[in-house]
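Please look at the structure before reading on.

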Amino acid sequence: MDAVTHGSVSVLIGLIFVQFYPGIPIWWLLLVMFVWGILVDYDHVFYYRKKFKDVPIWNIPKWIKVYFKTLDERDEFIYHTWLQEPFGVLVVSGLSVLIFIFSPYPELAILASSCYTGHYLMDLLSGKMKPLAPFYPKFIIDLKILPASSFTAASVTLIAFFVGLVVYLFV
């Protein structure tokens, strides 16, 4: 799934979250939504790195070009690491609790885990997954319910975002 869709889903989760936990500064919310909803996709670089050894790992604009160039291939290097599979979601959620339990806003662990789970679900519905990784990575499912990277999915989440925003602001 593309970053726009992941970002829209994270913001939708954030809008729901602030209904239950008001008073958290917006910069904390944006940081958590960005890191746990979008930035976690940077792990794809490790698989891209196997195929494109000449691109430095810190050259993000070049990786973006590689991503769009290889979008239709759906090969092994497009997979994410095991951290974006069910076991990884549990591990990251546990780490989120450990990170935020000592912050001024421990309830952000709920937001982080929710954004990460939403990210996982969007990826699950849009492409190949290895749900038993890292224990048995040969088992693969490919649902393709949502388009892997399309303005259709982004448009649906963007519309849902605007509806959520209107409800948040006026209700």
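The model is predicted, so local features need pLDDT of at least 70 and side-chain atom pairs count only at pLDDT 80 or more, while totals for chains, interfaces and linings use all residues. Residues are numbered from 1 along each chain as its sequence is written, and side-chain values use heavy atoms, with hydrogens and water left out.

Helices (H or I, at least four residues) and strands (E, at least two) are DSSP runs numbered from the N terminus. Axes are lines fitted to C-alpha atoms, for helices over the stretch in contact, and angles run from 0 to 180 degrees between N-to-C directions.

| Helix pair | Axes come within | Crossing angle |
|---|---|---|
| Helix 1 (residues 3-20) and helix 2 (residues 26-37) | 9 Å | roughly 140 degrees |
| Helix 2 and helix 5 (residues 86-100) | 13 Å | roughly 155 degrees |
| Helix 5 and helix 6 (residues 108-126) | 8 Å | roughly 160 degrees |

Helix 2 and helix 5 are roughly antiparallel to each other, and their crossing is right-handed. The contact joins Trp28, Val32 and Trp36 of helix 2 to Val92, Ser96, Ile99 and Phe100 of helix 5. Six of the residues are nonpolar, one is polar and none is charged.

Helix 5 and helix 6 are also roughly antiparallel to each other, with a right-handed crossing. Among the residues in contact are Gly88, Val92, Ser96 and Phe100 of helix 5 and Ala112, Tyr116 and Tyr120 of helix 6. This contact has ten nonpolar, five polar and no charged residues.

The second largest pocket has a volume of about 210 Å³. Its lining has 15 residues, with Leu15, Val18, Ile26, Leu29 and Met33 nearest the centre. Helix 1, helix 2 and helix 7 (151-170) each give two or more residues to the lining. The lining is made up of 13 nonpolar, two polar and no charged residues. A pocket is an open set of points on a 1 Å grid over the protein atoms alone, where a 1.4 Å probe fits, with protein on both sides within 12 Å along at least five of seven lines; lining residues have an atom within 4 Å of a point. Grid points are joined across faces, edges and corners, and a volume is the space filled by probe spheres set on the points.

Most peptide bonds are trans. Ala133 and Pro134 are joined by a cis peptide bond, with omega about 5 degrees. Pro134 is in the loop between strand 1 (128-129) and strand 2 (141-142).

Note on methods:
Ala, Val, Leu, Ile, Met, Phe, Trp, Tyr, Cys and Pro count as nonpolar, Asp, Glu, Lys and Arg as charged, and the others, Gly among them, as polar. Angles under 35 degrees count as roughly parallel, over 145 as roughly antiparallel, 65 to 115 as roughly perpendicular and the rest as oblique. A crossing is left-handed if the near helix is turned anticlockwise from the far one by less than a right angle, and right-handed if clockwise. Contact means heavy atoms within 4.5 Å.
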